[in-house]
Amino acid sequence: KCWMAENLNYGDSVYWALSQTDNCKVEKYCAGNLTSQCAISGGFYQWNELMQYQNNEGGQGICPPGWHVPSLQEWNNLENACRGPGLAGDQLKDQGTYYGFHALMSGFFYSGHLWSFSSGASSGIMFWTSTLHSPLSAHARGLNQINPSLSFYSSGIDNGFPVRCVRD
């Protein structure tokens, strides 16, 4: 599979206290609520906005034509290709590996009110999958600065995480 080398940065920046809505335009949050940060770390999306309000595992969502939002299984495959669950995080954070993924520890956005894990030793990043866990949560994969693993989470769909699209 071919993964984007950077987080997707598409849509209009909205203020962090506003929910992203189904209004015929793609909306994103920018780290620290600074639009200039989207150029560095990409956009952060609530799951429904990312998926264009459709529950379609492996669907295109807001990814460009010819690309799609990765499913949980595609993340699992990437994890296995990167030395497995215990070490994949180091591979995906390292700019020098041939995977070319280079995940930036730019934090994430909780439920429209809290930027977290965006700096220092506790910094991390979460990425959405297109796989729902329940009507109010979807699967996400996470990395942090100090742990070499690639973590697995079920997260509320109102949280704001970036996405790495996968070529069809």
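Trainee: To begin with, does Cys24 count as buried or exposed?

Mentor: Happy to! Cys24 counts as exposed, because its relative accessibility is 84%. For these words, buried means under 20% relative accessible area, exposed means over 50%, and partly exposed lies in between, using a 1.4 Å probe and protein chains only.

A word on the basis before we go on. This is a predicted model, so local features need pLDDT of at least 70 and side-chain atom pairs count only at pLDDT 80 or more, while totals for chains, interfaces and linings use all residues. Residues are numbered from 1 along each chain as its sequence is written, and side-chain values use heavy atoms, with hydrogens and water left out.

Back to Cys24. The closest cysteine sulfur to its own belongs to Cys63, but at 19 Å that is too far for a bond. Cys2 is partly exposed, with a relative accessible area of 32%.

Now for the bonded ones. A disulfide is a covalent bond between the sulfur atoms of two cysteines. Here a pair counts when the sulfur atoms are within 2.5 Å, and the structure holds 2 such disulfides. With bonded cysteines counted along the chain, the pattern is 1-2, 3-4.

One of them joins Cys30 to Cys38, with an S to S distance of 2.0 Å. The torsion about that S-S bond is about -105 degrees, so this disulfide is left-handed. Both partners, Cys30 and Cys38, are buried.

The other is formed by Cys63 and Cys165, whose sulfur atoms are 2.1 Å apart. This link is left-handed too, with -85 degrees about the S-S bond. It connects distant parts of the chain, as the two cysteines are 102 residues apart: Cys63 sits in the loop between H2 and S3, and Cys165 in the loop between S8 and strand S9 (166–167). (Helices, H or I of at least four residues, and strands, E of at least two, are DSSP runs numbered from the N terminus.) Cys63 counts as buried because its relative accessibility is 2%, and Cys165 counts as buried because its value is 0%.

Let's look around each end of that link. The loop between helix H2 (47–50) and strand S3 (67–68) also contains Gln52. Gln52 has a phi near 55 degrees, a positive value in a residue other than glycine. Gln52 is partly exposed, with a relative accessible area of 36%.

Strand S8 (residues 151–156) pairs with S7 in the antiparallel sense over 6 bridges, where pairing takes at least two DSSP bridges between two strands. S7 and S8 form a hairpin with 6 residues between them, and within it Ala138 stands opposite Ser155 in S8. Strand S7 (residues 137–144) is mostly covered, with 7 of its 8 residues buried. S7 also runs antiparallel to strand S6 (residues 124–134), joined by 7 bridges, and there Phe127 faces Arg141 of S7. The hairpin from S6 to S7 passes through 2 residues.
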